[in-house]
Structure formats: structure tokens, C-alpha cells
Amino acid sequence: MKAIVAVNNLGFIGLNDKLLWYNKEDLLHFKKLTEHSSLLVGYRTAQALPPLRNRKLIVVDRIEHSENHYYDVDWCIGGKKTYEKFCDSFTELHISHIDNNEMGNVTFPDLSKLNPKCKIFNYHF
């Protein structure tokens, strides 16, 4: 599965389950990459998302500990705990670097268990 995340200059990815910024270019980039795909998302992040047309959301079950039923997922879109839990399965990681200096309460995930064969793509908005 691929993953996509946006991070600001201070290393934050969110505040209270939402993005810290509005960046039209990054949102269009997200849409272009993820449209017509299945998206793995954490429970709290899913609650905060707007409707994502032409995409199928697969919400990580808080109780289920088996990762076997997440095999048919195209993208992981967060939140932090979901990235950390599944990073060993990522084949691609797309990181949007947002020129923003606001303080958040959710930092970039610990990807120390990232699949060593994962290709990393960086974008700057």
C-alpha cells in the first residue's frame, strides 16, 4: 500500500484531528493521487474528514488486531497511529511539505519501522 501525508515546517501534521492549513495545491495533489482508490484511515481521522468523492474509505477498527483484512487497500491517509501501525507495509510514501509555521498537537509519525524497500516522494507546497 502507498501512503500520503502532509507536514508543516515545524513537523506537525494536524491539530485536533484536522489539518492546520488550507493549501489548494496540496488538496488537488491529494485528490489526483487518491481518486478512484481505497483509503485506509484511522477512526478519529475518518470522523473529521469531509466527503471524499470517488474513493472508498476503510476505517481501521479500534478492536481488530489482525491486519489481514486490510490487504486490499491502495492508500493509507492517516492519522499518526495508523501511519505508524502500517508503515512496514508501505511501498511508496508521498510527503507534502507545507510552508506553514502553525503549532499543532499531532507530529509527523515515527516511521522507524518503515518498509526498507519503500520509495519516498517529496513535494513542496
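Me: Where in the chain does L27 lie?
Reply: In this predicted model, L27 lies in helix 1, which spans residues 24-34.

Me: Why is L27 called partly exposed?
Reply: Its relative accessibility is 35%. The class covers values between the buried limit of 20% and the exposed limit of 50%, so L27 counts as partly exposed.

Me: Which residues form a nonpolar patch on the surface with L27?
Reply: L19 and Y22 do; together with L27 they present about 330 Å² of accessible area.

Me: What makes N16 exposed?
Reply: The relative accessible area of N16 is 53%. Exposed requires over 50%, and therefore N16 qualifies. N16 is in the loop between strand 2 and helix 1, and its phi is positive, about 55°, although N16 is not a glycine.

Me: Why is H36 called exposed?
Reply: Its relative accessible area of 63% is set against a cut-off of over 50%, so H36 is exposed. H36 sits in the loop between helix 1 and strand 3 (37-41), with a positive phi near 65°.

Me: How do you know that the peptide bond joining G78 and G79 is cis?
Reply: Omega of that bond is about 0°. G79 is found in the loop between strand 5 (75-76) and helix 3.

Me: What is the volume of the largest pocket?
Reply: The volume is about 1300 Å³. The pocket is lined by 44 residues, and the closest to its centre are D17, T45, I77, G78 and G79. Helix 3 gives the most to this lining, with 6 residues.

Technical notes:
Residues numbered from 1 in each chain as written. Predicted model: local features only at pLDDT ≥ 70, side-chain atom pairs only at ≥ 80, totals over all residues. Heavy atoms only, no water. Patch = residues over 30% accessible without salt bridge, like charges linked within 9 Å, V, L, I, M, F, W, Y side chains within 5 Å. Areas by Shrake-Rupley, 256 points an atom, 1.4 Å probe, with all protein chains shown as cover. Salt bridge = Lys/Arg side-chain N within 4 Å of Asp/Glu carboxyl O. Helix = DSSP H or I, 4+ residues; strand = E, 2+ residues; numbered from the N terminus. Buried < 20%, exposed > 50% of the residue type's maximum accessible area, 1.4 Å probe, protein only. 1 Å grid on protein atoms, 1.4 Å probe; cavity = no way out; pocket = protein on both sides within 12 Å on 5 of 7 lines; lining within 4 Å. Points joined across faces, edges and corners; volume = space filled by probe spheres on them.
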